[in-house]
Amino acid sequence: MFDWEAAWHAALYGPGGFFARGEKPAAHFRTSPLVGPELAEALVELLSRVDSALGSPPVVDFVDVGAGGGELACAVRSLASGSLAARLRVTAVEVGPFVPLPGVSWTSSVPSCVGLLVAHEWLDAVPCPVVTGPSADPWITRWWPSLGDGEQAEVGAPRDAAWAAAVGAVHGAALAIDYGHLVSSRHFSLTGYRNGRQVPVVFDGSCDITAHVALDACASAAGGDFVLVSQRDALGALGLSSEVAGSGWSWLESAARAGRVAELRSPAGLGAFGWLLHGRGVAVADLLPPLPAWRPNPASFRSS
């Protein structure tokens with residue numbers, strides 16, 4: 001029987017694997033941190049709220065899991081100001097070769113931290129087993145009950161375990177940002193990406209291999225105080241809007257920013273990403289106001 005999880009892991013993280021050899025997501029698909037500084041601005045605001053809820057500890061962490069080229073970690077470091085900047089420790093977590101960046105430390109494993117941990121499109125690259133229905137796998141029975149005969153499904157148990165471990169390493173808050181589905185909308189989505197294009201999955205290390213995340217299952221595995229909302233709603237609650245103001249050059253800059261924010265919040269694109277936020281020692285209600293529950297838009301995301 002073909003071991004999908006082992007082949008997937010070797011293709012990404014084994015010797016000569018896609019990420020192990022140093023490929024960066026920026027070269028293969030567009031992600032929110034590459035749109036502009038606005039995502040980092042929102043995360044600095046969220047970090048500030050976490051910091052306040054923790055009582056402004058002597059050192060406050062921002063941990064970027066699955067950091068790629070470190071674009072998000074670097075932007076957060078540069079945008080932080082005042083007391084927060086003076087106490088901020090930024091750590092990027094990545095398995096591939098590190099990219100030297102000012103004010104950013106690198107590690108290959110998730111560290112314990114006090115502050116905010118962010119996993120931006122990390123869980124979608126955690127390899128999973130693949131089964132064909134009917135399946136008696138316990139995870140499938142609970143989280144993919146709609147699997148039909150002859151249909152394939154990714155078994156999300158490794159992602160659940162990875163996210164629960166990451167959340168358990170945090171005192172403060174942990175945030176997963178990813179595309180995915182709920183138990184009511186499961187669909188097989190394993191696919192490849194190379195040089196900005198979707199490609200058939202091959203396990204030779206030549207492409208990124210990714211699949212939608214069962215964020216409801218990850219939320220349950222980590223437990224505790226959490227919310228699952230859309231990127232569109234979360235960014236709005238953190239102060240990002242697409243209003244245009246001013247005149248002359250300031251209007252042009254405002255319009256450009258508004259365009260970037262609109263892209264990040266588009267309900268047909270990046271805005272439909274799920275934000276899974278767990279509080280650990282702080283109340284989620286102190287970080288985000290009440291927002292509508294996340295409803296994925298599978299048609300707007302990568303699919304096989």
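**Pocket, cores and backbone features of the predicted model**

The lining of the largest pocket receives at least two residues from each of α2 (32-35), β1 (60-65) and α4 (71-79); helices (H or I, at least four residues) and strands (E, at least two) are DSSP runs numbered from the N terminus. The structure is a predicted model, in which local features need pLDDT of at least 70 and side-chain atom pairs count only at pLDDT 80 or more, while totals for chains, interfaces and linings use all residues. Residues are numbered from 1 along each chain as its sequence is written, and side-chain values use heavy atoms, with hydrogens and water left out.

A pocket is an open set of points on a 1 Å grid over the protein atoms alone, with protein on both sides within 12 Å along at least five of seven lines; a cavity is a set of points where a 1.4 Å probe fits but cannot get out, and lining residues have an atom within 4 Å of a point. Grid points are joined across faces, edges and corners, and a volume is the space filled by probe spheres set on the points. The volume of the largest pocket is about 490 Å³. Its lining comprises 31 residues, and Gly66, Ala67, Glu94, Glu121 and Trp122 lie nearest the centre. The lining of this pocket is made up of 17 nonpolar, seven polar and seven charged residues, where Ala, Val, Leu, Ile, Met, Phe, Trp, Tyr, Cys and Pro count as nonpolar, Asp, Glu, Lys and Arg as charged, and the others, Gly among them, as polar.

One cavity of 30 Å³ or more was counted. The largest cavity has a volume of about 50 Å³ and is lined by Cys128, Trp139, Trp144, Glu154, Gly156, Arg159, His181, His212 and Ala214.

The largest nonpolar core contains 46 residues, with Leu43, Phe62, Leu175 and Trp275 making the most contacts inside it. Helix α3 (residues 38-53) gives the most to this core, namely eight residues. Another core, of 24 residues, lies apart from it and includes Leu117, Val167, Val213 and Trp294. A nonpolar core is a set of buried Ala, Val, Leu, Ile, Met, Phe, Trp, Tyr and Cys residues joined through side-chain atoms within 4.5 Å; buried means under 20% relative accessible area, exposed over 50%, and partly exposed in between (1.4 Å probe, protein chains only).

Strands β2 (residues 88-93) and β3 run parallel and are joined by four bridges; two strands pair if DSSP finds at least two bridges between them. Val90 is opposite Val104 in β3. Thr91 belongs to β2 and counts as buried because its relative accessibility is 11%. Beyond its neighbours within four places in sequence, Thr91 is in contact (heavy atoms within 4.5 Å) with Phe62, Val63, Asp64, Ser105, Thr107 and Pro111.

Most residues other than glycine have a negative phi, and most peptide bonds are trans. A cis peptide bond, with omega about 5°, joins Gly133 and Pro134; Pro134 is in the loop between β5 (130-132) and α6 (138-143). Ser56, not a glycine, has a positive phi of about 55° and is located in the loop between α3 and β1. Asn195, in the loop between β9 (191-194) and β10 (197-199), has a positive phi near 50°; at 57% relative accessibility, Asn195 counts as exposed.
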